[in-house]
Amino acid sequence: MQKPYLLCIGHRGAMGHAPENTLLSIRKAIAMGAPCMEIDVYFVDGHLLVFHDDRLDRTTDGSGYLCESTFDYLRSLDAGKGQKIPTLEEVCTEIGSSACLNIELKGPETAVPVASLITQLVDKGWDINRFLVSSFHHRELLALRGLNRNIKLGALIKGIPVDDAKFAEDLDAFSVHPSLEFVDQRFVDDAHARGMKVYVYPVDHPEDMLRMQKIGVDGVFTGFPERVLERYSQCDTSMGWC
Ligand code: G3P
Ligand code: MG
């Protein structure tokens, strides 16, 4: 019997198996066959770094605020299992043509350097449709849209607005990314009626995966890619996000 469909997006690589947002985590997600993955990005000391928190304490052996640190200090830290905090360029090189990439703009002032890096990679032959740039900072998304009309945008949200997915349509988004905690059938239907995909975060438990699939969600961010891949079929991502 044909498996039902639910796109697998490795969350911070495969954070259920390896230190989040590291090259090890990216390699793990690729090895498991995740067709897509998500990482978080800050712009610090002139470099795009792949990191989730505003502070260093939870995931590294350093301390203090990421954005107040120098690049050399940040690169000297252990981000888990001897991994360095990677640059966005290193992550892109590691992924190559193995998967589609969702770059979440976590920090301020990230739109300009991210648009610039994607443009450089596209000039070198990368397919622009393999990139999806998302953020909770909707002004950063608007800035990115102003810089490049062709990069796919994903609008992140934690709660549910009164007019459902309209805010994402207003941003000209390809997809809307609600949280598992708040998403419901009405929101999914509204996003689809507006022509957008719905990708939900974080979805690590098989019961939640089934619940999402049943309300018509298109894809889920998971730290455990194998749990989605063994239960759900995947679209053909060789031409980009689908
Ligand atoms: O992009 C989906 C998800 O990563 C958003 O939340 O906190 O895990 O970055 P967070
Ligand atoms: Mg994220």
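How many Å should the 13 residues of helix α4 span, and how far apart are its end C-alpha atoms? I worked this out on a predicted model. At 1.5 Å a residue, helix α4 (residues 111-123) should span 18 Å, and I found its end C-alpha atoms 18 Å apart, which agrees.

Next I looked up which residues of α4 are buried, and I listed A111, P113, V114, A115, L117, I118 and L121. An α-helix has 3.6 residues a turn, so residues three or four places apart point the same way. When I asked what covers the buried residues of α4, I found that the cover includes strands β2, β3, β4 and β5 together with helices α3 and α5.

I then turned to the largest nonpolar core, which has 58 residues, and saw that L88, I103 and V114 touch the most other members. The largest share of this core, 6 residues, comes from α4. Leaving out residues up to four places away in sequence, I recorded that V114 touches V41, L48, L88, I103, L105, V133 and L144. Apart from this core lies another, of 11 residues, and among them I noted Y42, V44, L66 and A79.

Last, I looked at the magnesium ion (ligand 2), which is coordinated by E38 (OE), D40 (OD) and E104 (OE) at 2.0 to 2.1 Å. The site links distant parts of the chain, as E38 lies in strand β2 and E104 in strand β4, 66 residues apart.

Note on methods:
Residues numbered from 1 in each chain as written. Chains lettered and ligands numbered in written order. Predicted model: local features only at pLDDT ≥ 70, side-chain atom pairs only at ≥ 80, totals over all residues. Heavy atoms only, no water. Helix = DSSP H or I, 4+ residues; strand = E, 2+ residues; numbered from the N terminus. Expected span 1.5 Å × (residues − 1). Buried < 20%, exposed > 50% of the residue type's maximum accessible area, 1.4 Å probe, protein only. Contact = heavy atoms within 4.5 Å. Donors = N, O, S within 2.8 Å, 3.2 Å for Na, K, Ca; no water. Core = buried A, V, L, I, M, F, W, Y, C linked by side-chain atoms within 4.5 Å.
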